[in-house]
Amino acid sequence: MAKDIGHFFYLYYFCVMRFFKIIAVIVVLLVGAYAASMYYFVDESKEFTIEKEVDYPLEKVFNQFNNLQNFTRWNNFFSSSKTITIDYYSPYEGKGSAISYDDPKSKDGGEMFIRYENPNKTLRYQLFEDEDENPTLIDVKFTAVSAEKTKITWYVHTPKLSVLSRAQNFWTEDKFADNIEKSMLNLKNVLGNKVEKDNQLAAIKYDSLMVEKEEAKMILGINVSTSNKKDALYKNIVMNYNKVNNFVTMDLGKKNDEVGYPVLITDADNFKDNEVSYFFGIPLSKKIGVTDNNFNFRSISPTENYVMYYKGSYPGRIKAIQQLIQKAKKDEMRYGDVYQTFIEPPVDGQDVNLKLSLSVYR
């Protein structure tokens, strides 16, 4: 009996070991076949080129690439994560500038350097991902297609990979191209707001009445009703500016170049009323999901406006608004809301810098 049991366990042990040997041989053969295919048919590193055009001047585009604080705002590799932390190292701009990053959620981390800069022409980045000792080399060339259009060309050289890791090269180019596609949309939004702000500042002529075409806008803000007695209205505006600005910059994480100037929208004649109702908000490039019910979007259609720039005390704006209304009446134009755009943020106890726009139509 004992002999039979011993014989049984011997056979069982023999069969199990034979099974594992067969599995081990199969695994070795598969790994060998995989390694051989990677060695003979897949390059140890990748080189590829990607080209894009953006409808903005070369100098403005280049500044978004050679300043790493600007770069990480719109580059999808960094901006798509809400958990990523980035440290910036001087000189912050141009050759020698660098960042380190870490994302605890995705467990990605690394360092990026600008190794070479030829202003408004070329940049060379080195990107060290995770614990890799060899960097991805990215040369970026900038070409002025016209005064308002720039071509951007990326020349990418990935680090050499071991035989068993080379499968990554199958999707490296597609992944990089997808990141650039999303990044270009972000860059256009950033530059769109930045150029619009620069153009507005350059166009300022105080106390002169002008006619302007206003493009469509998407404004995130709040509806307010408040007293119009003494300085109560302006104090209320300052309070609500801070409320909206904090929500846009802190809760939504929007940067300065991603938003427009704050604007107050109200009935053109209600400066005479004891109580004023207005909408105060900040223009965004597109409508996004907002969970706080205190805030809502207002869509502004393209309009023709009578415009004056005004600088002084907030109550003093009334005279400029009256001039706009008188001009509309003289021209036999009907008019709608007045838009008070704050070129400088409203601050309690300080003068305002405003663009006053009265929408007019036949």
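I count helices (H or I, at least four residues) and strands (E, at least two) as DSSP runs, numbered from the N terminus.

**Ground rules.** I'm working on a predicted model, where local features need pLDDT of at least 70, side-chain atom pairs count only at pLDDT 80 or more, and totals for chains, interfaces and linings use all residues. Residues run from 1 along each chain as its sequence is written, and side-chain values use heavy atoms, with hydrogens and water left out.

**Cavities.** I looked for cavities, meaning sets of points on a 1 Å grid over the protein atoms alone where a 1.4 Å probe fits but cannot get out. I found two of 30 Å³ or more, a volume being the space filled by probe spheres set on the points, which are joined across faces, edges and corners.

Which elements supply at least two lining residues each? I noted α6 (232-251), β10 (263-267), β11 (275-284), α7 (317-330) and β14 (334-342). β10 gives the largest share, three residues.

**Cores.** Next I checked nonpolar cores: buried (under 20% relative accessible area, 1.4 Å probe, protein chains only) Ala, Val, Leu, Ile, Met, Phe, Trp, Tyr and Cys residues joined through side-chain atoms within 4.5 Å. The largest has 39 residues, and Phe342 is among those touching the most other members. α6 provides the largest share of this core, eight residues. A second, separate core has 32 residues, including Trp154.

Definitions and conventions
On a 1 Å grid over the protein atoms alone, a cavity is a set of points where a 1.4 Å probe fits but cannot get out, and a pocket is an open set with protein on both sides within 12 Å along at least five of seven lines; lining residues have an atom within 4 Å of a point. Buried means under 20% relative accessible area, exposed over 50%, partly exposed in between (1.4 Å probe, protein chains only).
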